[in-house]
Amino acid sequence: GGSTKIQTLQLQGSGPSNSEASVAKLAWEQIGIRLAPAPLSEVSSINEDYRGGLRITEVRPGSPAARNRLMVGDIIVGIMEWQTVNMDNLQWILASPNFKQSTPSKYYVIRKRQQLMVAMTPEVARVR
C-alpha cells in the first residue's frame, strides 16, 4: 500500500565453513599441515579402495609432520583405520577418543604414486 519495507539478508560466503576452518586450524596446530582435497582419480589409480584424500599444501617447520618427513604434495588417504576423504572425515578422526588415546597413530600417505605409512603423534600440548 505505498509503504517501503526494509529487509536485511545475510548470505553465506563461498569460503570454508566454520567447521572446515576449525579442523584446518587443528590440523595446523596439532600435526603441522595445511590441506586441500585431492581428486578421487588421483588416489583411486593407486588403490581402488580409496575414495579420495587430503593433499598437504604446507608443512610447518618443527611440527610432527616435519619431524616425520611429510612433504608438500603428499596425500593423506587415511589415519588409523579411517579414510580421510574430506575435512569432515579429518574432523571426526581428530575428535575421536580412539585417535586421542592412540600414540602414535598410523597415517597412510601417497607420495609420488607410492603408498607409505607414517607413525606420528600430534602435539599433545595443543590437543584440546
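Biologist: Hi! Is strand 3 enclosed by the rest of the structure or open, and how many of its residues are buried?

Modeller: Hello! Strand 3 is largely enclosed by the rest of the structure, because 5 of its 5 residues are buried. Keep in mind that this is a predicted model.

Biologist: Thanks. Which way do strand 2 and strand 3 run, and how many bridges join them?

Modeller: They run antiparallel, and 2 bridges join them. In that region, leucine 54 stands opposite isoleucine 76 of strand 3.

Biologist: And how many bridges are there between strand 3 and strand 5?

Modeller: There are 4 bridges there, again in the antiparallel sense. Glycine 78 stands opposite tyrosine 108 in strand 5.

Biologist: What does glycine 78 stand opposite in strand 4?

Modeller: That would be glutamine 83. Strand 3 and strand 4 pair in the antiparallel sense, with 2 bridges. They form a hairpin with 2 residues between them.

Biologist: What is the phi of methionine 80 in that turn?

Modeller: Methionine 80 has a positive phi of about 60°. For background, most residues other than glycine have a negative phi.

Biologist: OK, let me zoom out. How many helices and strands does the protein have?

Modeller: It has 5 helices and 6 strands. Along the sequence, the pattern reads α-β-α-β-α-β-β-α-α-β-β.

Biologist: What percentage of the residues is buried?

Modeller: Buried residues are 37% of the 128 in the protein.

Biologist: What share of the contacts links residues 24 or more positions apart?

Modeller: Among contacts with a separation of 6 or more, such residues account for 55%.

Biologist: Now the inside. Which residues touch the most other members in the largest nonpolar core?

Modeller: That core has 23 residues, and the ones touching the most other members are Ile33, Leu35, Ile76, Ile79, Leu90 and Tyr107. Several elements give two or more residues to this core, including helix 1 (18-31), strand 1 (33-38), strand 3 (75-79) and strand 5 (105-111).

Biologist: Which element gives the most?

Modeller: Helix 4 does, with 4 residues.

Biologist: What does leucine 90 touch, leaving aside residues up to four places away in sequence?

Modeller: Leucine 90 touches Val23, Ala27, Leu35, Leu54 and Ile79. There is also a second, separate core of 7 residues, and Ile46, Tyr50, Ile75 and Ile110 are among them.

Biologist: Switching to aromatics: how many aromatic pairs does the structure hold?

Modeller: It holds 1 aromatic pair. The partners are tryptophan 82 and tryptophan 92, arranged edge-to-face, with 5.0 Å centre to centre and 85° between the planes.

Biologist: Where do those two tryptophans sit?

Modeller: Tryptophan 82 is in strand 4 (residues 82-83) and tryptophan 92 is in helix 4, and they are 10 residues apart.

Biologist: Which residue lies over the face of tryptophan 28 at 3.9 Å from the ring centre?

Modeller: Arginine 34 is the one at that distance. Arginine 60 also has its charged end over the ring of tryptophan 28, 5.7 Å from the centre.

Biologist: While we're on arginines, where is arginine 69 found?

Modeller: Arginine 69 is in the loop between helix 3 (64-67) and strand 3. Its phi is positive, near 60°, and it is a residue other than glycine. Arginine 69 counts as exposed because its relative accessibility is 65%.

Biologist: And what is the phi of arginine 113?

Modeller: It is positive too, about 65°, although arginine 113 is not a glycine. You'll find arginine 113 in the loop between strand 5 and strand 6, where it counts as exposed at 58% relative accessibility.

Biologist: Last one: which helix does serine 41 lie in?

Modeller: Serine 41 lies in helix 2 (residues 40-44). Serine 41 is exposed, with a relative accessible area of 55%. From serine 41 to arginine 51 the distance is 8.8 Å, C-alpha to C-alpha, and the two are 10 residues apart in sequence.

Terms used
Residues are numbered from 1 along each chain as its sequence is written. This is a predicted model: local features need pLDDT of at least 70, side-chain atom pairs count only at pLDDT 80 or more; totals for chains, interfaces and linings use all residues. Side-chain values use heavy atoms; hydrogens and water are left out. Buried means under 20% relative accessible area, exposed over 50%, partly exposed in between (1.4 Å probe, protein chains only). Contact means heavy atoms within 4.5 Å. A nonpolar core is a set of buried Ala, Val, Leu, Ile, Met, Phe, Trp, Tyr and Cys residues joined through side-chain atoms within 4.5 Å. Rings of Phe, Tyr and Trp (its six-membered ring) pair if their centres lie within 6.5 Å; planes under 30 degrees apart count as stacked, over 60 as edge-to-face and the rest as tilted. A charge sits over a ring if NZ of Lys or CZ of Arg is within 6 Å of the ring centre and within 35 degrees of the ring normal. Two strands pair if DSSP finds at least two bridges between them.
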